[in-house]
Amino acid sequence: MDSLNKISITCFAASYFVALILELSRLLTKAEPFASPWRRALKIGFVSAGLFAHSVYLVLHGGVSLNVQGIWLGNWFTWCLATSWLLGAAYLWMAIRKHESGVGLFLLPLMLVLIWIGLQFGNANQFTASNARTAWNMIHGASLLLGTAMVTLGCTFGIVYLIQAKRLKQKTISSGAFRLPSLEWLQQSSERSLLVSTILMGMGLISGIAINQVPGDGQMGVGVIAWSNPVIWTSGVLFLWLLVATLFNLFYRPARQGRKVAYLVMASFLFLVLELAIVWWVGHAT
């Protein structure tokens with residue numbers, strides 16, 4: 001147990017950085033028949049080790065609280081680290097299932113940036129939330145956290161789609177080591193992330209309304225805020241945008257072209273960044 005207590009941010013950040021170097025090495029060398037499996041194994045090994053250290057750090061030092069009532073995040077530092085962990089888990093799955101997809105070139109830097117942003121917040125930036133811990137609080141926090149990760153993933157898929165489409169159009173794709181997923185896979189992944197993030201953000205909004213609806217009972221509603229508060233209406237605007245974008249993509253056939261889907265998920269990410277900035281500036285109410 002003492003050895004686990006010694007795990008620091010440097011441990012998992014360094015693991016992710018090495019994995020990024022391995023991804024970047026594909027840009028500089030052609031894939032030899034034997035080098036690729038070794039590089040893949042090293043990449044998966046470093047990311048797996050990083051996720052293990054990341055998990056331990058979150059539980060022991062990162063402000064994650066585990067008890068019979070659920071899982072709780074205490075501050076923005078923990079929020080950034082948890083989002084980075086979710087992106088890391090998604091990257092590990094893709095590294096195993098689509099080992100030469102190249103998506104890591106985009107996800108790994110995002111993970112490292114989130115860790116750096118978390119360090120800038122520090123542990124002192126506690127959520128200005130009520131101390132009540134109910135099922136609604138847990139659903140609210142978990143939904144928004146997972147929704148944030150899904151929107152970020154969708155934006156990543158959208159960016160990779162546009163890059164791959166440009167490469168195909170300019171016929172700059174060679175038989176070298178640098179590969180990206182097919183446009184069809186990227187479009188499907190973008191659409192799925194848009195749908196899932198809409199559902200998650202909707203759950204976050206509904207649970208937030210439930211928390212804010214019943215003031216003064218000693219549990220729910222403690223720290224209730226006015227409905228005109230920017231935290232409330234910007235959350236509603238973000239969900240409304242995601243809902244309209246999802247319905248537009250599902251039922252308007254011309255919108256299901258890859259570029260349009262890519263622009264939708266990228267715009268959703270910009271809305272999310274704006275929403276999080278407002279929440280941080282005004283103060284979180286749950």
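Residues are numbered from 1 along each chain as its sequence is written, and side-chain values use heavy atoms, without hydrogens and water. Because the model is predicted, local features need pLDDT of at least 70 and side-chain atom pairs pLDDT 80 or more, whereas totals for chains, interfaces and linings use all residues.

**Exercise 1.** Determine how many aromatic pairs there are, and classify the pair of tryptophan 76 and tryptophan 79.

*Solution.* Rings of Phe, Tyr and Trp (its six-membered ring) pair if their centres lie within 6.5 Å; planes under 30 degrees apart are stacked, over 60 edge-to-face, and the rest tilted. For tryptophan 76 and tryptophan 79, the centres are 6.0 Å apart and the planes stand at 65 degrees, so the pair is edge-to-face. Both residues belong to helix α4 (residues 76-97), where a spacing of 3 residues separates them by about one helical turn. Helices are DSSP runs (H or I, at least four residues), numbered from the N terminus. Tryptophan 76 is buried at 8% relative accessible area, and tryptophan 79 is buried at 10% (buried: under 20%; exposed: over 50%; partly exposed: in between; 1.4 Å probe, protein chains only).

**Exercise 2.** State which parts the pair of tryptophan 241 and phenylalanine 271 ties together.

*Solution.* The rings are stacked, at 5.0 Å centre to centre and 25 degrees between the planes. Tryptophan 241 lies in helix α8 (residues 230-251) and phenylalanine 271 in helix α9 (residues 258-282), so the pair links parts 30 residues apart in sequence. Tryptophan 241 is partly exposed at 24%, as is phenylalanine 271 at 31%.

**Exercise 3.** Describe where isoleucine 7 is found and what contacts it makes.

*Solution.* Isoleucine 7 is in the loop between α1 (2-5) and α2 (9-28). Its relative accessibility of 13% makes it buried. Neighbours within four places in sequence aside, isoleucine 7 contacts Ala53, Val56, Tyr57 and His61 (contact: heavy atoms within 4.5 Å). Leucine 60, 53 residues away in sequence, has its C-alpha 9.1 Å from that of isoleucine 7. Tyr57 also belongs to one aromatic cluster with Phe12, Tyr16 and Phe77.

**Exercise 4.** Identify which helix gives the most to the lining of the second largest pocket.

*Solution.* A pocket is an open set of points on a 1 Å grid over the protein atoms alone where a 1.4 Å probe fits, with protein on both sides within 12 Å along at least five of seven lines; lining residues have an atom within 4 Å of a point. The second largest pocket is lined by 17 residues, of which Cys80, Leu114, Ile117, Val273 and Leu276 lie nearest its centre. The helix giving the most is α9, with 6 residues.

Technical notes
Helices (H or I, at least four residues) and strands (E, at least two) are DSSP runs, numbered from the N terminus.
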